[in-house]
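Please read it beside the sequence and the model.

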Amino acid sequence: MSRSLKGALAVAAGGAVVATTAVALAQTDTSTATQTAATSGDLKTDIDNILTDSRLKGASIGVIIRNAKSGAVLYDRGSDDQKIPGSNNKIETSTAAFGILGADYRFKTTVYTRGANLYLKGTGDPTLQGADYDKLAAAVRAKGIKKIKGNLIADDTWFDQEYTPAGWDPTDLPYSYAAGISALNVSPDSVFDAGSIGVAITPGQEGQPVKVALTPATSVVKIDNRATTAKAGTSSTVSVDRKGGTVVITGSYPANGGKENHLSTAPNPTQYAADVFRRALKAHGVTVVGSTKRAATPKGAKAVTTRKSMTLSQLATPFLKLSNNQIAEILTKAIGRKSAGKGTRAAGIAAISKYLKTLGVDTTKVKQTDGSGLSRTNQTTPRQVSVLLQAVQPKPWYKTWYNALPIAGQPDQLVGGTLASRMKGTAAAGNVHAKSGTLTGVTALSGYVKDDTGQPLIFSIMFNGYQGGAPKDIEDKIAIRLASGKSAGTQSTLRKETAQNGGNLESSWTRGKATNR
């Protein structure tokens, strides 16, 4: 585990948060007209003014603010209108995972023998890195197994074989944020970009091709290296893409450059895992005579060694801080497997919906088509997100989940996450715990903040169909207004520190270059 991840897990375990008392949703989510009668006129005026930004002209706007203790609605604009939530979808998935799987849930990967074959059986673990497959292989050798006369069988039947949701844009699939997942996965790094392959670029001789190394080493993709080594002092223009089973590297790299890290994706995550494991077996002196195949582990197979993942409580940090889509999709299928005995996305989504209903969420207003929010067919409303945020506060796992949310203005990526560079130097920094969401034409921010008197508030902000790049600074202005009790116009730091127009993806997602990790 990386040092930064250990530190973040310590924050998740020890951070202070005010636990609130549950109030029946039937009592707290009453008519907005009634609740807003008690709203400060200044708050309404200030937020209304923020929302006059010309970039929101013609956009679908949804904003709701509640008192976190009583549930009283303090501000509401368009909160009942359905929106594409982007990664705010992960609020639903993550809370259901804690509620259904449990905070101590772990994934298990086991190696079995039966007859002449060796079986690698997975249950979806996103945390398995090359070093972990190496340890599994070492354990096989330690049991005295030197030769497998039959085949290596990859058993990914705990989940179905729909590696990516049908609604994902095919043009996203070469990039790490849209990697496919199965019951057997490989992550190239300590923040668990499951299904991705590390692509390291170093310079060759000037005028010659760059050098390329894969982490972990694998033959499930071919390398088409078209990139050249340029003069020292030039800028890198290296780009990494995948076309089918080939990773294509183009551009140029300076002769005096160090190592530049990129991520690509594996076309088939199960084959990727099996290949990495087979290479590890060979490195430890275990020969597999036969081929690599996919099948279920038969009854009566003998367990050789087992590896368990970290708990869900620990996994929640990289999952939510970095808005990890693969962990979201894996948890969705794990929920389906536990709830209905089916490791399918459909079974998981049905179980999530059922769980949300027990928390008072009106599930007729929520349409979830994946676990991560990358699909544009997801729908929800700010009101229902706010209901969910209020309802989970009394849960025994709430403190851990709350601290796993991105925290505004905290520079460590495994503390601040997608909010690391936002709201710095304001009353919201270190105060706002919230989940962001970004797709083309979609931005959202929902979570918790304490106002200037220490009162905890819940907010959910969603904009669809705005003009230009994602107006993250508008979301920030609202959050800062809630934290400070002051209008945007009185804060000089607001204009300097809030994020300006964002891109079309979450800030933690990468379309290749992975140096931000």
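N225 stands opposite I249 in β12. This is a predicted model, where local features need pLDDT of at least 70, side-chain atom pairs count only at pLDDT 80 or more, and totals for chains, interfaces and linings use all residues. Residues are numbered from 1 along each chain as its sequence is written, and side-chain values use heavy atoms, with hydrogens and water left out.

β9 pairs with β12 (residues 246-250) in the parallel sense, over four bridges. Pairing requires at least two DSSP bridges between the strands. Strands are DSSP runs of E, at least two residues; helices are runs of H or I, at least four; both are numbered from the N terminus.

The sheet is open, with mixed pairing and the order β9-β12-β11. β9 (222-225) and β11 (239-243) are the edge strands; each has a single partner strand, so one side of each lacks a neighbour in the sheet. Neighbouring strands are turned by 25 degrees on average, direction ignored. Axes here are lines fitted to C-alpha atoms.

## The largest core

The largest nonpolar core holds 48 residues. Such a core joins buried Ala, Val, Leu, Ile, Met, Phe, Trp, Tyr and Cys residues through side-chain atoms within 4.5 Å. Buried means under 20% relative accessible area (1.4 Å probe, protein chains only). L331, I335, V392, W401 and Y448 have the most contacts inside this core. Elements giving two or more residues include α5 (89-100), α9 (325-340) and β19 (442-450). α9 gives the largest share, six residues.

What is W401 in contact with, leaving aside neighbours within four places in sequence? The partners are I91, S94, T95, F98, L320, L389, V392 and Y448. Contact means heavy atoms within 4.5 Å.

## A second core

A separate core has 37 residues, among them A154, L184, V186 and I249.

Technical notes: Axes fitted to C-alpha atoms, helices over the stretch in contact; angles between N-to-C directions. Buried < 20%, exposed > 50% of the residue type's maximum accessible area, 1.4 Å probe, protein only.
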